[in-house]
Amino acid sequence: MIVKWLDTQNIIMNSNTHKQLNFDINQRIPVSYGNITLNKHTEINEQFEDNTIGLSRQFSGEIFVPPNVICEAQIKNNEIHVGPLIGMLLVKNHEKLTTKVLEHFKERIPSNETGKGVVFVGSQDWIDVKRKLIRGYYYSVHGEWKEGIFPFPKVLYNRTYIKKSHYKRLKRNVEMKVFNNCLMTKSKLWRLLRKDPSVNMHLPYTQTLSDLNSFIAMINHFNTVYLKPTNLSRGRGIYKAEKLKLGYLIKDTNNQEKILFTEQELESFITSLTKNRNYIIQQGVPYMYGKSLVDFRVYMQKDETKNWNCSGIYGRVSKPNRVITNLKHSQEVLTIDLALKRFFRLQKARRLEIQQEMIQVCKNVCTALEEKNQILADVAIDVVVDNQLKVWVLEVQVSYAADERLYQLPKSIYEKVWQTPISYAKALTGFKIEGE
């Protein structure tokens, strides 16, 4: 239903539309915008076309429906819903919502959604829980960001973790779907999924790095292990350890090596790691091509169908002798098909099989995490294919960085990765714009 914005406090429509909507003449109709609902009188105006209603942009008090955004109205249970209204928490502090960040964020708005409904970005410190309002910036039909104040939306896409206590206050007495408010540490992933038969065979064995004995037991069994802080990102604090005939080779992400010959040296090293930070020790399952590591990043997202699908995959090749493949340490980013062809020497049919298996394993991981009450819809999963072509899941990243790697991919891939969450959020609102 088309909305026209007028200087009125009533709901204006012609008699035919009024009859079709089955409203009573003197009935006060609830009108909702996000989580604010007001009761308004109807007013008949035969100048209005069918399937069109007139409303005031000044919705309530300081809440205005943005003047340069096209909205739709839907009738549900004798209520008028104006929208869709989609919110996204991008950062913790509003000072970080700079002009550069907002300009960069424009590419996250699907082109076929421009002007259809209100999409706004905000920060945690701009949330007014008491009044159930969020200050932020909305995307206008002119491709510009404008500041505004918004009611709590029906759907909130979270890119920054909200503490449980604040999250409960945020959702109290409001109907709001929040997705991706989840911390997924390396130890948590193992704890949640290690007993799940659909995915546990694809997870490297992991345990807490508690002392020397835990290290010795793991490295004696696997020969190569990784030591990883449980809650750091971008590869910080990771070490690779290999068992030698005499001693243990320890290598960090800066390509610095040392050999520890005695248990005393080893114990001192482990104590220095775990003194102020929790670490895990993980079975080493990297695939080496010459002196470089090869792994894959798989983007799994819920889309407008509300189902998990793969939005893109790419391969990463590390610089020689590195222990990780992230942006700082990679020398090449390439398509999954080229990576499987070049490094694994596979024929086309087998490459497609491996790709489909990779996607299915990642989909199983996402489904299993949801069954463990993790509310997710947008994750990046780091995957390794070993020498026997077995798929291993190394890490699931919820608040993965939208960094330069995306720009090294075909535009069709990075646009899909960036824009799918907004399409999913819109699907959750229940709105269906005519012409889509």
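Guide: A residue is called buried under 20% relative accessible area, exposed over 50%, and partly exposed in between, using a 1.4 Å probe and protein chains only. This is a predicted model, in which local features need pLDDT of at least 70 and side-chain atom pairs count only at pLDDT 80 or more, while totals for chains, interfaces and linings use all residues. Residues are numbered from 1 along each chain as its sequence is written, and side-chain values use heavy atoms, with hydrogens and water left out.

Visitor: OK. How many of the residues are buried, as a percentage?
Guide: Of the 436 residues in the protein chain, 55% are buried.

Visitor: And what does the chain span?
Guide: The C-alpha trace spans about 90 × 50 × 40 Å along its principal axes.

Visitor: How many helices and strands are there?
Guide: The protein chain has nine helices and 27 strands. Both are DSSP runs numbered from the N terminus: helices are H or I with at least four residues, strands are E with at least two.

Visitor: Take strand E5. What covers its faces?
Guide: Strand E5 covers residues 52–55, and both of its faces are covered. Thr 52 and Gly 54 are buried on one side, Ile 53 and Leu 55 on the other. In a regular strand the side chains alternate between the two faces of the sheet.

Visitor: In which sense do E1 and E5 pair?
Guide: Strand E1, residues 2–5, pairs with E5 in the parallel sense over four bridges. Pairing here requires at least two bridges found by DSSP between the strands. Trp 5 stands opposite Leu 55 in E5.

Visitor: New topic. How many salt bridges does the structure hold?
Guide: It holds 17 salt bridges. One counts when a side-chain nitrogen of Lys or Arg is within 4 Å of a carboxyl oxygen of Asp or Glu.

Visitor: What does Glu 257 form a salt bridge with?
Guide: Its partner is Lys 251, with the closest N and O atoms 3.1 Å apart.

Visitor: Which residue meets Arg 351?
Guide: Asp 337 does, in a salt bridge of 2.8 Å, N to O. Arg 351 lies in helix H8 (residues 348–371) and Asp 337 in helix H7 (residues 336–344), so the pair ties together parts that are 14 residues apart in sequence. Arg 351 is buried at 8% relative accessible area, whereas Asp 337 is partly exposed at 24%.

Visitor: Which residues are linked in a network?
Guide: Asp 295, Arg 297, Arg 316 and Asp 382 are linked by salt bridges in a network.

Visitor: Last one. Which residues make the nonpolar surface patch?
Guide: Leu 244, Leu 246, Ile 259 and Phe 261 make a patch of about 400 Å². Patches take residues with over 30% relative accessible area and no salt bridge, joining like charges within 9 Å and nonpolar side chains (Val, Leu, Ile, Met, Phe, Trp, Tyr) within 5 Å. Areas come from the Shrake-Rupley method with a 1.4 Å probe, and for residues only the protein chains shown count as cover. Leu 244 sits in the loop between strand E18 (239–243) and strand E19 (248–252), and at 32% relative accessibility it counts as partly exposed.
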